[in-house]
Amino acid sequence: MGFIPMKYAALLIAFIWLPAAAAAALPSAPHYALYDPASAQMLLAKNADARIAPGALTQLMTAYVVFGALRDGDITLHRELIPTQYALRPQQKEPRMLLQSGVAVTVDELLQGMIVQSARDAARVLAEAVAHHELAFADRMNTEVARLGLRDTRFANASGADEAGHYSSARDLVLLAAALLRDFPDQLPRYARRRASHNGIELYNPNRLLWLDPYVDGLQTAQVDGLGFSVAASARRGQRRLLAVVIGAASSGQRDSEAQRLLNHGFREFESLLLYRQKQAVKALRVWKGTRDRLDIGFATDRYVTLPLGAREQLSARLETAEPLLAPVHAGQQVGILHLALDGQPLLDVPVVALQSVPLANVFARGVDAMRLWFR
């Protein structure tokens with residue numbers, strides 16, 4: 001069998017079919033997705049691959065790139081920036097921080113304005129700080145799109161302005177939100193803020209779920225002419241976190257209620273089970289032509305699976321491994337796939353990796369194993 005490199009390995013998902021009564025309780029918005037980041041499972045989806053105008057949800061990727069620049073030391077939170085005329089150019093109906101020409105503003109203030117109020121002028125100033133021009137910044141955004149495996153996304157700007165060639169999907173946006181929280185967990189508190197201020201002006205977060213649900217801790221809302229109201233929402237209850245994206249609701253109230261309904265459904269109707277701990281051996285494989293002949297295989301991180309409540313007894317697993325396994329083998333290298341099924345139907349395919357490295361043996365030992373393989 002063929003194996004994909006670990007940095008590109010993705011879980012292959014089969015959606016769980018719901019009874020008609022449960023399906024009737026789900027949102028009526030034209031596009032939505034519900035995702036469990038612990039198990040990397042898409043629990044529910046409707047028209048999730050359709051390409052839509054993401055509006056201010058674009059700024060999830062803007063933040064992702066800016067957070068990367070902060071991590072790499074390319075910019076700092078306290079760096080002061082002078083907005084350019086390009087960044088301040090007014091656009092119809094756009095949310096803004098009301099930045100002033102010639103007046104310095106810090107990266108930290110700009111992030112708060114962009115995250116709390118979806119301020120487009122703040123997004124453009126941040127883009128120029130990182131890449132000198134918004135178009136160059138958009139190129140960086142699309143590099144991350146490719147690296148994260150977002151199949152139905154392309155960004156033409158950092159602010160979320162609607163233009164040709166600028167699109168995403170509910171599935172890609174919920175995966176982007178998951179990547180944002182996974183790769184930059186220390187930045188999550190920024191998304192939980194209900195308000196911020198700049199130059200004495202109060203900025204209020206339009207994500208009303210932050211007021212309505214104490215478990216919601218972000219992320220962002222959007223409104224696009226001709227499409228409607230959208231939200232990417234994150235909620236944590238106990239040790240579980242779920243992410244929901246709702247696209248194209250008829251009003252902001254419907255957007256909030258449908259996102260809340262989706263999250264409630266996920267927490268109520270599904271449970272997350274720990275299958276294996278990080279680096280816990282699932283099996284020992286025979287290794288040929290190496291300095292050792294046995295190798296433990298398992299998972300690089302804790303491995304969870306999410307199931308409909310009460311379906312544990314219907315879960316089954318089948319391990320498929322590379323045979324024969326030849327040295328050298330590197331720790332973290334994919335050497336198999338764990339196929340999970342629910343009530344006999346495919347549910348999830350999870351990459352299994354080597355837990356140790358096995359260097360190549362000397363010429364004599366390799367020759368002995370070559371002979372054994374010949375007669376095997």
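**Pocket, cores and backbone features of a predicted model**

The second largest pocket is lined by 18 residues, and those nearest its centre are Lys93, Pro95, Arg120, Gln223 and Val224. A pocket is an open set of points on a 1 Å grid over the protein atoms alone, where a 1.4 Å probe fits, with protein on both sides within 12 Å along at least five of seven lines; lining residues have an atom within 4 Å of a point. The model is predicted, so local features need pLDDT of at least 70 and side-chain atom pairs count only at pLDDT 80 or more, whereas totals for chains, interfaces and linings use all residues. Residues are numbered from 1 along each chain as its sequence is written, and side-chain values use heavy atoms, with hydrogens and water left out.

Strand S8 (residues 216–224) gives the largest share of the lining of the second largest pocket, four residues. Strands (E, at least two residues) and helices (H or I, at least four) are DSSP runs numbered from the N terminus. Leucine 219 is also found in strand S8, and a cis peptide bond with omega of about 20 degrees joins glycine 218 to leucine 219. A cis peptide bond also leads from alanine 327 to proline 328, with omega near 0 degrees. Proline 328 lies in the loop between strand S16 (325–326) and S17.

The largest nonpolar core has 64 residues, and Leu110 and Leu111 are among those with the most contacts inside it. Such a core is a set of buried Ala, Val, Leu, Ile, Met, Phe, Trp, Tyr and Cys residues joined through side-chain atoms within 4.5 Å. Leucine 110 touches residues including Leu81, Met97 and Ala122, not counting residues up to four places away in sequence; contact means heavy atoms within 4.5 Å. A second, separate core of 23 residues includes Phe299, Leu325, Val350 and Ala354.

Helix H4 (residues 107–117) is largely enclosed by the rest of the structure, because eight of its 11 residues are buried. Buried means under 20% relative accessible area, exposed over 50% and partly exposed in between, with a 1.4 Å probe and protein chains only. The buried residues of H4 include Val107, Leu110 and Val116. Serine 118, which follows H4, has a positive phi near 55 degrees.

Alanine 40 is not a glycine, yet its phi is positive, about 55 degrees. Alanine 40 is partly exposed, with a relative accessible area of 21%. Aspartate 343 likewise has a positive phi near 55 degrees, and it is exposed, with a relative accessible area of 57%.
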